[in-house]
Amino acid sequence: MQLFPINTGHFKLDGGAMFGVVPKSLWSKSYPADANNLCSWAMRCLLVQEGNRLVLIDNGMGNKQDEKFFSHYDLHGDDSLDASLKKAGFHRDDITDVFLTHLHFDHCGGSIEWDDARSGYRPAFKNAVYWSNQEHWKWATEPNPRERASFLKENILPIQESGQLKFLESNELFPGFSVEKVSGHTESMMLPVLSSNGHKIMYMADLLPSPVHVPVAWVMAYDTRPLLTMQEKSSVLATCVSENRVLFFEHDKSIECATLQQTEKGIRVLDTFPLSALF
């Protein structure tokens with residue numbers, strides 16, 4: 001199995017929303033905010049090559065929304081989905097599977113694009129199966145008021161209308177690609193665990209947006225069930241320590257991976273490094 005980080009760009013989110021009840025005096029040491037209290041975050045996806053399958057985990061924000069929408073998030077940097085795929089030696093038409101951890105716009109917006117006439121939508125990965133799960137799909141297509149602004153119908157419904165959608169019905173996409181579900185951030189978010197080159201690499205999605213979020217109480221205000229997130233983090237982090245898993249971060253502005261250690265203060269980061277250091 002080969003793994004490639006795919007950087008789709010950076011955007012900005014409110015620091016208070018990203019760190020919840022944690023005081024700014026603590027989180028701003030690692031994530032300095034601008035004059036509008038916004039911090040820069042990555043939309044870092046992961047490409048998995050195994051045999052004749054090429055799986056893209058999440059795909060960033062896409063480019064379908066209007067200028068007003070994007071103005072809220074200050075997209076910046078030179079990274080893009082297509083440029084990152086090209087750097088890895090691939091094209092979006094090579095993708096056989098698009099695995100969506102969950103359907104918030106910054107994770108699935110690249111799934112769907114405008115058609116040539118800009119009068120309708122089509123899948124951005126024409127040769128791929130799109131993977132979600134029934135529980136999360138129902139949650140996203142019948143959204144609660146808290147998450148409605150994150151579940152954009154133009155990102156979601158055309159996937160099903162295309163006939164390319166499948167629901168994962170087990171805890172494995174294929175051998176070496178297992179899945180663990182958590183529901184504190186949103187219902188039935190899927191976290192891939194990949195076995196590659198003797199390592200277990202866990203794609204953290206929004207359970208842990210960055211290594212700064214490793215302390216159990218450091219929970220985003222975006223989470224729908226923050227107390228459940230804390231329970232899930234405790235369990236996942238303990239497993240990561242016991243199995244020496246490598247954490248892969250979707251949103252940290254620069255850090256791709258980390259390992260963990262048990263300390264007197266709880267589980268903390270041991271080391272950070274690029275994914276390429278494992279291979």
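This is a predicted model: local features need pLDDT of at least 70, side-chain atom pairs count only at pLDDT 80 or more; totals for chains, interfaces and linings use all residues.
**A mixed sheet and the helices around it**

Strand β3 is mostly covered, with 4 of its 5 residues buried.

Start with the neighbours of β3. On one side, β2 and β3 pair in the antiparallel sense over 5 bridges. Glu 50 stands opposite Arg 53 in β3. The two strands form a hairpin, with 2 residues between them. Gly 51 sits in that turn and has a positive phi of about 60 degrees. The pairing of β3 with β4 (residues 97–99) is parallel and runs over 3 bridges. Here Leu 56 has Val 98 of β4 as its bridge partner.

Now widen the view to the sheet. Strands of a sheet pair through backbone hydrogen bonds, either parallel or antiparallel. This sheet is open and has 6 strands with mixed pairing, in the order β1-β2-β3-β4-β7-β8. The edges are β1 (2–14) and β8 (165–167). Each has a single partner strand, so one side of each is left without a neighbour in the sheet. On average, neighbouring strands are turned by 25 degrees against each other, direction ignored.

Helix α4 (residues 81–88) packs on this sheet. It touches β1, β2 (38–50) and β3 (53–57). The direction of α4 makes about 160 degrees with that of β1.

Strand β7 (residues 129–132) pairs with β8 in the parallel sense, over 3 bridges. Ser 132 stands opposite Phe 167 in β8.

Which residues of α7 (residues 153–161) are buried? They are Asn 155, Ile 156, Pro 158 and Ile 159. After α7 comes Gly 163, whose phi is positive, near 85 degrees.

From α6, the contact is made by Trp 137, Ala 140 and Thr 141. From α7 come Ile 156, Leu 157, Ile 159 and Gln 160. The residues of this contact divide into 5 nonpolar, 2 polar and no charged.

Terms used. Residues are numbered from 1 along each chain as its sequence is written. Side-chain values use heavy atoms; hydrogens and water are left out. Two strands pair if DSSP finds at least two bridges between them. Axes are lines fitted to C-alpha atoms, for helices over the stretch in contact, and angles run from 0 to 180 degrees between N-to-C directions. Contact means heavy atoms within 4.5 Å. Buried means under 20% relative accessible area, exposed over 50%, partly exposed in between (1.4 Å probe, protein chains only). Ala, Val, Leu, Ile, Met, Phe, Trp, Tyr, Cys and Pro count as nonpolar, Asp, Glu, Lys and Arg as charged, and the others, Gly among them, as polar.
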